[in-house]
Structures are given as C-alpha cells and as structure tokens.
Amino acid sequence: MASSIIHFLLTFLALSNLVFLSKSEVTSTRAPFKPNGLVLPVYKDSATGLHIANITKRTPQRSLPFLIDLNGRFLWVNCETNYLSNTYFAPFCRSTQCSRAGVHSCNKCFSPSPRPGCHNNTCAVTTTNPLTRQTAISEIAQDSLSIQSISTTQGSNTGPLVTIRHFLFACSPSSLLQGPLPRNVQGVAGLGHDSVSLPIQLASHFGLPRQFALCLPSSSQKNGAIFFGASGSYETQPGLDVSRNLTYTPLIIGAQGEYFIPVRSIRVNNKPVPLNRSSLISTRSQNFGGAKISTIRPYTVLEHNIFTAFTQFFANQLSGVSRVNPISPFGLCFNSNNLTSTNVPNIDFVMQNRNVTWTITRANSMVQAQPGVSCLAFVDGGENRKNPIVIGVHQLEDNFVQFDLVKSRLGFSSSLLSRNTSCSNFNFTTSTSFVDENME
C-alpha cells in the first residue's frame, strides 16, 4: 500500500514538473505584442481653430500637448524648460540615428552642465515654428514615446498603450514656442513624409502599413482621431464604416515631404469657375495642379487671381442673398438670416478627371464670423504661385482623409455630416499600460 502511494506521488510530481516546464517554454517563446493599428485622439483649440494631440513621452511618462502639423518633418518638443526623463539620450554626431534623421551637422553647446537640448558632439537640426516660420537650432534626441493601440478600428475596441523606447525627435529651445500657437502646446507633431516623422517611425517600429488617416473634429467639445497603420473598417458607430466608398486621387510628395493633390479645376453649383488653367499649376512642379493640404492654415488659401474669380462666381450663385461688409480675414460675407440649408451651393475640387471630386458642403464652406454674419471660409493668399491652393483645416473637419504612402494615393470621404455622423463619434476608451519590451 505504501509503495503504491509513493509511486503515485512520484508520478504526480513528474507530471507537474512537465506541465511547469511546458508553461515556462510557452512563456519564454511568446511572440512580442504587435498592434493592428494605433490611434491618437485629437481635439480642436477654440481660440486658433487648429488641432492638438496629447502625446505621452518620457520616463516617468508625461502627457504633453502638441500642435498637429500635417507637413512637419518630425516631432519637436521644448526641452529648455522642465524636461525631466530617465531615458533621454542624445546620439553622437554622425551616428546611425543622425543618419536616419538625415542630419549631418554637429551641435556645440557651451553650457557648464549638459542638459536635454544642450550636449556637445551631438546632431544639430533646424526646427521651425510652422505658424511664424521662426527657426532654431535643435538637438536630435531619443526618448520613450507611448501611444494607444487598437485591436480593430470599430469604436471603442482599443488595445493596450504601447511604447517605443528610442523614438527620435528634435529637442528645441523654448523661444520656438513664441507666436500664435495654441495655448500650452509644448511642440509640434510632424506627420510629413520623412524618415523620422511620427507616422513613418510608428509604422517602421511596429511593422504596420505606411498609411495614416485624419478625422479632425469641428467641435472643441469632443475629440477626433488620427489612425496609424490600421486597415479594415473605421466605424463611428456600429455598422457605419466611414472609410467605405472613399474617393481616391494621386498623393504627390513635395521636396520637403509635404502632401499635394492634383486639383485641375473648381466647380460651384456644378458649374466650372472660369480660371486660367496655368494659375492652378504650382511652381514646385509643372506637372500637376498644386493643392497643398495643411493642418496649420485655419481656412483654405487661394492665390489672388484664383480667389478673385472664385469669390465672384460664388457670389453670383448666391445672387438672392444679401451681402455684408467682409470681416477679416475673409473677402466675401453674407447676412446669415438669408442663408438656408439648401441655398448655399456645393463647391467641388475636381481632381485627375471630372468624375473625381472633393465636394465641400455648407458646413465646410461657410463660417459664422460674428452673430448674423456668415463668410465664405476661403482667404486671399496674394500672388503666391508656389502654392496656388492650400486646403485648410476648416475644409478638412468632419472629413475622413486617408494618406496611403505605399500606393501614393489620398482617399477622402467628403463631409461625414451628410451620412449623419462626424469625426467626434469615435469613442476610444483608455486601456491599461503595456510597455513594449520586445521591440527596439
């Protein structure tokens, strides 16, 4: 009897050990977590009309507000004031990190004690305030950056917070924050086509497709979203996929990583605006209509000759509506009491052919400038042949716009309001943190 019990115990221990070893083996060979996509909530600054995202950086983690600059080359942050992080590192001059950032100049800082943004023999890069165009010499650095992952793009199906431990950015002086930037922003998040821009680094690090989508909110009360690398449906509510039936046009990359689309003509009320075709050609390229897309211009900017012809034509289509004195910066304003949901004509930006159009409805074409006065949300850009058309924030709001950098195409939805939804209907909830220890 005793021998049977001993035999049973030995067998039990052997099996338990086998199970323990099996579990240990499974744990040790577990694949690193790979998100299906990433999402960054964005909100509108009521004072400037521009959009901001809170990005989590540093160790210990800290969430900081950044201005979204669609054409910015990289992320830059004010390091001169209260930048505290245990994981900050400034790569040496001519290092691999500097080459990746396309930086070949060396930085010299004569401070008696090194600090973030001020080290000798590091990489120097010129950073720019996109609103004032003021520049400064900054230090290339790397530090931790965390972002919300998503299991799908359907509403609140978020994954854990994932972290890049060596995210490359520019560490800039506080003087660069001067000017009409949204209050309290600590830097600029660049989404341009550059090797160290936010979407390119995120895609490279997590093995995601090189694509991202903007859905900017028109209200300062609710968030919109920027999606990185995600594919599939984008649902603002169950069964309503805002990416379904997108219209596509070629996406053209400028010399500094800016995004352009080929606007060939403009229609109002389905009638062509009489424009000299040469006025739509950008001096940056003689091969396409140079419409730049921007998140730092509150309203679409038109070269003077285009603006004059366009506003006159638009006014003629609203001949029964009384005009009032324009309110700066607009050139054409109306009595709001005479405007209805049906008498404001649609505006079409015609792309590569007449069947590919970005339709701008009243919500994106008009703005309430003051009580009782509504203005056409387009401004005169002067004699600017470099960028004859710059599509601004007001025209982007509540539009789902997808930048596919692999296929070099832009997908756009036109106004989501016509589908009884908006960019503020995404409902992403906060999830638990996950530090990505397996990916460098």
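Colleague: Two strands pair if DSSP finds at least two bridges between them. With that settled, what is the order of the open sheet that contains β17?

Modeller: This is a predicted model, in which local features need pLDDT of at least 70, side-chain atom pairs count only at pLDDT 80 or more, and totals for chains, interfaces and linings use all residues. Residues are numbered from 1 along each chain as its sequence is written, and side-chain values use heavy atoms, with hydrogens and water left out. The sheet has 4 strands in the order β18-β17-β23-β24, and the pairing is antiparallel. Strands here are DSSP runs of E with at least two residues, helices are runs of H or I with at least four, and both are numbered from the N terminus.

Colleague: Which strands are at its edges?

Modeller: β18 (271–272) and β24 (357–360) are the edge strands, each pairing on one side only. β18 is joined to β17 (residues 265–268) by 2 bridges in the antiparallel sense; R267 has P272 of β18 as its bridge partner.

Colleague: And the sheet with β22 in it: what is the order there?

Modeller: That open sheet also has 4 strands, in the order β21-β22-β26-β25, with antiparallel pairing. β21 (323–324) and β25 (366–370) each have a single partner strand, so one side of each lacks a neighbour in the sheet.

Colleague: Changing topic: is F400 buried or exposed?

Modeller: F400, located in strand β29 (residues 399–404), counts as buried because its relative accessibility is 0%. Buried means under 20% relative accessible area, exposed over 50%, and partly exposed in between, with a 1.4 Å probe and protein chains only.

Colleague: What is F400 in contact with?

Modeller: Neighbours within four places in sequence aside, the contacts of F400 include A213, L214, C215, F227, Y234 and F412. Contact means heavy atoms within 4.5 Å.

Colleague: A213 and L214 are among those contacts. Which strand pairs with β29?

Modeller: β10 and β29 are antiparallel and share 5 bridges; A213 is bridged to Q402 in β29. β10 (residues 211–215) also runs antiparallel to β11 (residues 224–228), with 4 bridges, and L214 stands opposite I226 there.

Colleague: How many residues of β10 are buried?

Modeller: 5 of its 5 residues are. In a regular strand the side chains alternate between the two faces of the sheet. In β10, Q211, A213 and C215 on one side and F212 and L214 on the other are all buried, leaving both faces covered. For the 440 residues of the chain, the buried share is 53%.

Colleague: Next, what volume does the largest pocket have?

Modeller: About 660 Å³. A pocket is an open set of points on a 1 Å grid over the protein atoms alone, where a 1.4 Å probe fits, with protein on both sides within 12 Å along at least five of seven lines; lining residues have an atom within 4 Å of a point. The volume is the space filled by probe spheres set on the points, which are joined across faces, edges and corners.

Colleague: Where does the largest pocket lie?

Modeller: It lies between domain 1 (38–228) and domain 2 (235–419), because both give residues to the lining; the bounds come from an automatic or database domain assignment. Of the 24 lining residues, D69, N71, P130, R133 and K292 are the closest to the centre. Strand β6 (residues 122–128) gives the most to the lining, with 3 residues.
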